[in-house]
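Trainee: Could you take me through this structure? I am new to it and would like to ask questions as we go.

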Amino acid sequence: MSEIKLVRIYDHQQPAGYRILVDRMWPRGVSKVKAQLNAWDKEIGPTNELRKWFNHEDEKFPEFKQKYIEELNHNQFTPEFVENVKLKLAREDVLFLYGAKNQKHNQAVVLKEYVEKKLKI
């Protein structure tokens, strides 16, 4: 069974799968060739206002998570994104690529949980 995997774009070891960058901003120092993306769905990332407010501060993560889920619920791109992930999962793993240093408290973690809930995985 295919699954959604979270992968930091800077990691040297990268699993195989359909590669989606889920950050709104391009990761610093990564070339488009090296990234080998299948898609860059920047519209699914948190708004610049929310991203700057969160500032990757662990203590803000619970509130960030709530606010980001609210954004996802009202984002016109969310249904299409979820459907695309569903279609890709039928054939292969889907990798949510992100640039954040913190692997536990970032938007990709929230997005993975959100999509899995929508797809009842």
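Trainee: Leaving aside its neighbours within four places in sequence, which residues is Glu116 in contact with?

Mentor: This is a predicted model, and in it Glu116 is in contact with Ile4 and Ile121 once the neighbours within four places in sequence are set aside.

Trainee: Where is Glu116 found?

Mentor: Glu116 is found in helix α5, which covers residues 107-119.

Trainee: Does Glu116 count as buried or exposed, and why?

Mentor: Glu116 counts as buried, because its relative accessibility is 18% and the cut-off for buried is under 20%.

Trainee: What about Val115, buried or exposed?

Mentor: Val115 also lies in helix α5. Its relative accessible area is 0%, so Val115 is buried.

Trainee: Which residues is Val115 in contact with, leaving aside neighbours within four places in sequence?

Mentor: Val115 is in contact with Ile4, Phe81, Val82, Val85 and Phe96. Ile4 is in contact with Glu116 as well.

Trainee: And how many residues apart along the chain are Val115 and Pro27?

Mentor: They are 88 residues apart along the chain, and their C-alpha atoms are separated by 22 Å.

Trainee: Which residues does Phe96 touch, not counting residues up to four places away in sequence?

Mentor: Phe96 touches Ile4, Lys5, Leu6, Val7, Ile20, Val22, Phe81, Val85, Ala108, Leu111, Lys112 and Val115.

Trainee: How many residues apart in sequence are Phe96 and Asp23?

Mentor: Phe96 and Asp23 are 73 residues apart in sequence, and the distance between them in space is 9.2 Å, C-alpha to C-alpha.

Trainee: Let us turn to helix packing. At what angle do α4 and α5 pack?

Mentor: Two packed helices are described by the angle between their axes and by the distance between the axes. Helix α4, residues 78-89, packs with α5 at an angle of about 75 degrees, and the axes are 10 Å apart. That angle makes α4 roughly perpendicular to α5.

Trainee: Which residues make the contact?

Mentor: On the α4 side they are Thr78, Phe81, Val82, Val85, Lys86 and Leu89. On the α5 side they are Leu111, Tyr114, Val115, Lys118 and Leu119.

Trainee: How do the residues of that contact divide into nonpolar, polar and charged?

Mentor: The contact of α4 with α5 has 8 nonpolar residues, 1 polar and 2 charged.

Trainee: A new topic: what is the volume of the largest pocket?

Mentor: The largest pocket has a volume of about 600 Å³. It is lined by 20 residues, and the closest to its centre are Asp23, Arg51, His56, Gly99 and Ala100.

Trainee: Which helix gives the largest share of the lining?

Mentor: Helix α2, residues 48-54, gives the largest share of the lining, with 3 residues. By class, the lining of this pocket has 8 nonpolar, 5 polar and 7 charged residues.

Trainee: What is the phi of His56?

Mentor: His56 has a positive phi of about 55 degrees although it is not a glycine. Most residues other than glycine have a negative phi. Lys120 likewise has a positive phi of about 55 degrees without being a glycine.

Trainee: Where is Lys120, and is it buried or exposed?

Mentor: Lys120 is in the segment after α5. With a relative accessible area of 75%, Lys120 is exposed.

Trainee: What else lies in the loop between α2 and α3?

Mentor: Glu57 lies in that loop. Glu57 is partly exposed, with a relative accessible area of 24%. The C-alpha atoms of Glu57 and Gln13, 44 residues apart along the chain, are 26 Å from each other.

Trainee: Lastly, which residues does Lys67 touch, not counting residues up to four places away in sequence?

Mentor: Lys67, which lies in helix α3, touches Leu50 and Trp53. The C-alpha atoms of Lys67 and Leu50 are separated by 7.7 Å. Lys67 is partly exposed, with a relative accessible area of 35%.

Key. Residues numbered from 1 in each chain as written. Predicted model: local features only at pLDDT ≥ 70, side-chain atom pairs only at ≥ 80, totals over all residues. Heavy atoms only, no water. 1 Å grid on protein atoms, 1.4 Å probe; cavity = no way out; pocket = protein on both sides within 12 Å on 5 of 7 lines; lining within 4 Å. Points joined across faces, edges and corners; volume = space filled by probe spheres on them. Helix = DSSP H or I, 4+ residues; strand = E, 2+ residues; numbered from the N terminus. Nonpolar A, V, L, I, M, F, W, Y, C, P; charged D, E, K, R; others polar. Buried < 20%, exposed > 50% of the residue type's maximum accessible area, 1.4 Å probe, protein only. Contact = heavy atoms within 4.5 Å. Axes fitted to C-alpha atoms, helices over the stretch in contact; angles between N-to-C directions. Parallel < 35°, antiparallel > 145°, perpendicular 65-115°, else oblique.
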